[in-house]
Every structure is written in C-alpha cells, then in structure tokens.
Amino acid sequence: MFEQVEEYPVDPIMIGADYFAADPQRDKLNLTVGIYQDEHGQTPVLEAVKLAEQRLVETQTSKSYLALTGDAAYCRVLGHEIMGDAFGNGWVSAQTSGGAVALRVMADLLAQMPNPPTIWLQTPTYGNYVPILTAAHARFAQVPYYDRLKAQITFDQMLDGLKAARAGDVFLMQGMCHNPTGADMTAEQFDALLDLLEARGIVPWIDLAYLGFAQSWDADCSMARQIAARFPECIVCITLSKTFGIYRDRAGALFVKTQTPDRDRMHRAVSAIVRSGASHAPDHGPSVVRTILQDPALKTHWRKELDQMRARVAQVRQQIADVERTEFGTDRLAYIAKQSGMFSLLPLTETQETALTRDHGIHVVKGGRVNVARLGESDITKLIRAMTEVTSAK
Ligand SMILES: Cc1ncc(COP(=O)(O)O)c(C=O)c1O
C-alpha cells in the first residue's frame, strides 16, 4: 500500500542540520538553525523558566484535560499582555501547540467558510505558511515584501499588490523581526499599510514569533495593539518558543477579534477544528508562561533574560557592520545592523550561495537566510571573507 506514497517536500530548514552533518569540511559553520543560539551554538534554558517549572512541580494537582481551547487564564493573561486594553470580551482565544498550530487552526477555519477569503502573504516570508495553507486547502496569493539583492523592503510593490485584494480577504503579516528578512516596516509604513487594509476592508492577520527581540517586549507588542484597537475583526497568532526559549514545550495561542453576534459561534468553530486536528494543546509550556507572567518577580527575571538575548543579537548585528568596514573597507552588510531579530538574508545569488557552502563550509537556508545570533567574533570575519570571495568570482 505505501508504495503509493508520493515524495513530500521537506522544509529546507529541517534538512539543514542533515546537510551540515554530512559536510566533510572540518571548519564548517551552521547558520541554518531557526532558534536563538549563543556563539557556541547553545540554546540555554532561561532561569525564570527553571524557577517556574519547579513551582509547577510542587503545586500542580491534576493533569486532567483542559477545554479544547486550553487554559482560559493563560489566554487571558497573554491576551492582555499583548493587546493591552484592546483585548476583551469580543475575542475568541485558544491555547495552541506553538504558533504553527495557531496558524493551522486559523487556516482551516478560513478555508472551511462557505465563501473562503484569499489569504495574502508577503514574499519572502516564514517558510511554513505555504505548507500550512496548502494542507488546509486555503486559497492564498502573494505580494512582494523584500528585495534580497538590494536588501530593501519593497513597500510600494506590497501595497500595489494588495490593491488586487477584495473586501473580506485576509492579509497575513508578521510582527517585528520579520522571518527570514530581518527587515521590519517603519512606523509610517505600518500606518500606511493599516490605512490601506481598513479602506479596502481587508482583515489583518498578524503572526508574532519574536516579541522582545526587536526593541523590548512592550514595544514589540505595539503592532498587534494597533491592529487590535483599530479593526473590528482581526487575527493574532503567537508563539512563545523564542521569547521564553521553550521551543520543544510548544506554547502558543490564537486570538480572534470578532463582532459580538459571531463570538460564541466562532468559539465553537475553533473548538471543533482543534478537536479534529491537534486536539488538546500541551500544557507544560503554557503553564510555565502563565506562571511567569502572573508573578511580578519571575516576570522581571524573565524580562531581564529576554533583554540579554536581544542585546546579544543587536551586538552581533553591529559587529558584522563594524568588522566589514574596518577589516574589509566595504559596507555591503551594513544593512544587517539596522535589522532586527535572529535572521537576515545575505545578498547572494543562488550560485554564490551554493559556493558559500561548497567552498567555505558556511551553511545557510536556501534563499540566503542566516541565523545572526549564531555568529561568534571569528565567524563574522570568516563569513565576510567568504562572501567577498564568492561575490567576486567570475
Ligand atoms: C514567523 C513565524 N511564525 C510562526 C512560527 C512557528 O513557531 P512554533 O515553532 O513555535 O510553532 C515561527 C517559527 O520559526 C516563525 O518564525
């Protein structure tokens, strides 16, 4: 029977580790990983998380099922943290297994509506959106977001592309620390985008994966807050994998702002979709998050650790620009210092990207994404030297 199973494409980020392991070069560097790492390639457990876990072990009295939409207290605390005063009764919330399942539940829901909307995506964007939307049989279209070789957001083209959207369509955008580009819209661009969405009746869907990695937890929540305050209907997905460093514990949430007559029906729809798919979300990661957010001392501790991760990434970004200028006398990567989050795209053609791995043992995700957080001081020089060589080769 299984001889009928067709080849499935595997996410290039997932197979990056296999290619890296198989590379016989001794002096190799893996920049494909999609998580925060220090310069030694380590992803430590945050102290605030350890403390919350200890508390949970001591106080948890039951491991029975929760509602299909998870722990209401977790959703409430998180919803208020992110959306501030704009979060309230009209929202349907669900605790989900990371951000990926929040995205999938929403994609299923939109695709199952009698008149399914088109979901508009930025290009390039998070590599799992298309597989998720495709698996859900959702209808989607793409608008240009970023020019890799010019290292610039293609803002006007994005707005132009969105003019083809119809009222009731959905625009799926990311919060700060855009994956994979590292390039975020300016406040003015974001305002102009919201003006266009509002004028055309397009529903905003924002996906937040790196809260706290651009400026601060509060500042990074501002895009979601503005959307939540301004639109009568909107969708917010969040993963806490990176912000709390709890990747494998799978903490995420889906928040949907609805009009009052739709709220309870939407809640039942979300519950039914959760039931038939991922079913109950794991509890451990979300309980850790709730414990931290509800305890002022733990929250301060965690915010300090999040600030340290952000500061390290910002420092590496600045170092890349500084080393290139002082050691190589060029500024082709100067844009990296102005970007945010874990990722940036190298301005390389496909051939140059292949040469970077083949000739220099530097592994990047297909399309040029590098994990900036992974770079130590000597790696930076190695990367810039290799880039200079592959881009000057005839
Ligand atoms: C933009 C974006 N959204 C969603 C996710 C999914 O997060 P998770 O793996 O926690 O489900 C990621 C993970 O890398 C991401 O970068």
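Visitor: Which residues line the largest cavity?
Guide: Q95, T96, S97, V101, V105, V274, A278, S279 and A281 line the largest cavity. Here a cavity is a set of points, on a 1 Å grid over the protein atoms alone, where a 1.4 Å probe fits but cannot get out, and lining residues have an atom within 4 Å of a point. This is a predicted model, where local features need pLDDT of at least 70 and side-chain atom pairs count only at pLDDT 80 or more, while totals for chains, interfaces and linings use all residues. Residues are numbered from 1 along each chain as its sequence is written, and side-chain values use heavy atoms, with hydrogens and water left out.

Visitor: What volume does the largest cavity have?
Guide: About 30 Å³, a volume being the space filled by probe spheres set on the points, with grid points joined across faces, edges and corners.

Visitor: Which elements each supply at least two residues of that lining?
Guide: β2 (91-96) and α4 (98-111) do. Helices (H or I, at least four residues) and strands (E, at least two) are DSSP runs, numbered from the N terminus.

Visitor: OK, the ligand. Which residues come nearest?
Guide: Of the 15 residues around the ligand, those are D207, Y210, T239, S241 and K242; a residue counts as near if one of its heavy atoms lies within 4 Å. α4 turns up again, giving the largest share of that shell with 4 residues.

Visitor: What does D207 do there, in terms of distance?
Guide: An N or O atom in the D207 side chain is 2.6 Å from a nitrogen atom of the ligand. A polar contact is a pair of N or O atoms within 3.5 Å. On the oxygen side, a polar side-chain atom of K242 lies 2.7 Å from a ligand oxygen atom, and a backbone N or O atom of A100 is 2.8 Å from an oxygen atom of the ligand. The protein buries 90% of the 390 Å² that the ligand exposes when taken alone, with accessible areas from the Shrake-Rupley method and a 1.4 Å probe.

Visitor: Switching topic: where is P124?
Guide: P124 sits in the loop between β3 (118-123) and α5 (129-135), and the peptide bond from T123 to P124 is cis, with omega near 0 degrees.

Visitor: And which residues does the cis bond with omega of about 15 degrees join?
Guide: N179 and P180. P180 lies in the loop between β7 (170-174) and α7 (187-200).

Visitor: What about H137's phi?
Guide: H137 has a positive phi of about 60 degrees, although it is not a glycine. H137 is in the loop between α5 and β4 (139-144).

Terms used. 1 Å grid on protein atoms, 1.4 Å probe; cavity = no way out; pocket = protein on both sides within 12 Å on 5 of 7 lines; lining within 4 Å. Polar contact = N/O pair within 3.5 Å; in protein donor to acceptor, adjacent residues only side chain to side chain.
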